[in-house]
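Could you walk me through this structure stop by stop, telling me what to select and what I will find there? I have the viewer open and I am new to it.

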Amino acid sequence: MRMQVAIIGGGPSGLLLAQLLHKRGIESIVLERKTKEYVLSRIRAGVLEWGLCSLMDEAGVGARMRCEGIVHDGTIISHGDTAFRIDFDALTKASVMVYGQTEVTRDLYDAREAAGGRIDFEVEDVTIGGADTDAPFVEYRMGGEARRIDCDFIAGCDGFHGVSRQAIPLDVRREYEKLYPFGWLGILSETPPVHHELIYAGSERGFALCSMRNENLSRYYIQCSMSDRPEDWTDAAFWQELKRRIPAEHADTLVTGPSIEKSIAPLRSFVCEPMRWGRLFLCGDAAHIVPPTGAKGLNTAASDVNYLFRGLLQYYDQGDATGIDTYSQQALARVWKVERFSWWFSSLIHRYPDQSPFDLKMQRAEIDFLRTNEAAQRAMAQNYVGLPY
Ligand code: FAS
Ligand code: PHB
């Protein structure tokens, strides 16, 4: 089979790219190793930058998000019982949209299927060939049958554990990584959110986050040990610990209930350079990972997709390869700024096991500076709502 663009990975990166390309007459095929149901069962991001919301509109899949999503003009930062608000609207004239990654992915799948877009599920043994030639191809197995796609370009949208990044030779690839000495234990509960905005809570006992999906579906996280397993935490133990980490006024009004999902995510900062090798382009988690503190994983996947989409459009519409030739540098310039923000925010609000008394003083001084300084709050807000593409 021949296709203009072969996209490996049917998560938000791959689907958004496929849909944007389709809207401009560029056809692609998406290869996904899991089932659609499995992909949609993963509970991940919850906050969309304004840039991703605009891309969803451009892709023709923004209607439900605009209807069901919740616009947030600010967020609460707390440490112990000291709490303050970062006013995104006043500081940046921008906002964020609370709308789960699951729903973004569902909207994209619906649009691809409505358009007759080609998505092969449960593919196996995906391999990339000829990426450093003008005749790249992807081979894979599906239902026991060997298949091959000859294409103009390959988009590696297959996440951190995919095959695309590995296709870039080790002597070409440079990887940067930082592992954090804790994880996030997250639960989903069919309860009203404790507050109408997110609460990022630091405390002597560790970090907690109060988030949501809608007015009766809440998402909560607490920082946990790397050795913890979800089954080590009863719901009662989770709620008790969360209440000890968030401001008392919210602990007192928190509505608890049974968890309908419980999982632990490790925290990692990771970047692969370059994000392009020949006719292979990496997007999203295939190229970089951030700790979820700044809600940047999904959103940075979207900015990669934006750059690659515009570059491919320029190539096909004008025969101009400038956009694809500058893709890696352009995407990485924003990726590193996002990595910095996510690392900074994580260092601000988590309790690190090896923190000295001096380190704790520095952390508290940083929080106090953010609480009292408008320039610091504006910088935080600009990063949180999304740096420009
Ligand atoms: P994804 O990993 O979402 O999608 C890649 C797809 O490729 C998957 O469907 C996979 O099955 C498929 N694939 C892999 N290998 C393949 C192969 N060889 N062949 C074919 N298909 C293959 N971000 C936030 O902003 N906030 C959060 O709270 C948050 N929580 C997270 C929790 C967890 C446990 C994880 C893992 C990530 C979390 N993230 C969060 C980050 C997450 O949202 C990612 O940034 C986002 O899913 C990136 O999307 P993709 O790049 O499409 O990668
Ligand atoms: C979420 O709602 O899952 C969420 C929100 C903000 C974050 C991380 C996760 O920073």
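Start by selecting Ser211 together with ligand 2: a polar side-chain atom of Ser211 lies 2.6 Å from an oxygen atom of the ligand. That pair is a polar contact, meaning N or O atoms within 3.5 Å of each other; inside the protein, one atom must be able to donate a hydrogen and the other to accept it, and residues adjacent in sequence count only if both atoms are side-chain atoms. This is a predicted model, so local features need pLDDT of at least 70 and side-chain atom pairs count only at pLDDT 80 or more, while totals for chains, interfaces and linings use all residues. Residues are numbered from 1 along each chain as its sequence is written, chains are lettered from A and ligands numbered from 1 in the order in which they are written, and side-chain values use heavy atoms, with hydrogens and water left out.

On its own, ligand 2 exposes 280 Å², and the protein buries 98% of that (accessible areas by the Shrake-Rupley method with a 1.4 Å probe; for residues, only the protein chains shown count as cover).

Now show the whole shell around ligand 2. It has 14 residues, and among those that come nearest are Arg213, Tyr221 and Pro292 (a residue is near if one of its heavy atoms lies within 4 Å). Colour strand E14 (208–214), which gives the most to this shell, with three residues. Helices (H or I, at least four residues) and strands (E, at least two) are DSSP runs, numbered from the N terminus.

For the next stop, select Gly100, Glu103, Arg213, Asn214 and Leu217, the residues closest to the centre of the second largest pocket. This pocket has a volume of about 190 Å³. Where does the pocket lie? Domain 1 (2–70 + 96–177 + 268–346) and domain 2 (179–267 + 351–385) both give residues to its lining, so it lies between them. The domain bounds come from an automatic or database domain assignment. On a 1 Å grid over the protein atoms alone, a pocket is an open set of points with protein on both sides within 12 Å along at least five of seven lines, a cavity is a set where a 1.4 Å probe fits but cannot get out, and lining residues have an atom within 4 Å of a point. Grid points are joined across faces, edges and corners, and a volume is the space filled by probe spheres set on the points.

Move on to ligand 1, which 30 residues surround. Select Glu32, with a polar side-chain atom 2.7 Å from an oxygen atom of ligand 1, and Asp285, which has one 2.9 Å from a ligand oxygen. Gly297 uses a polar backbone atom instead, at 3.2 Å. The protein covers 87% of the 1000 Å² of accessible area that ligand 1 has on its own.

Finish with the largest cavity, about 50 Å³ in volume. Select Arg42, Arg44 and Gln101, which are among its lining residues. Helix H6 (101–114) gives the most to this lining, with three residues.
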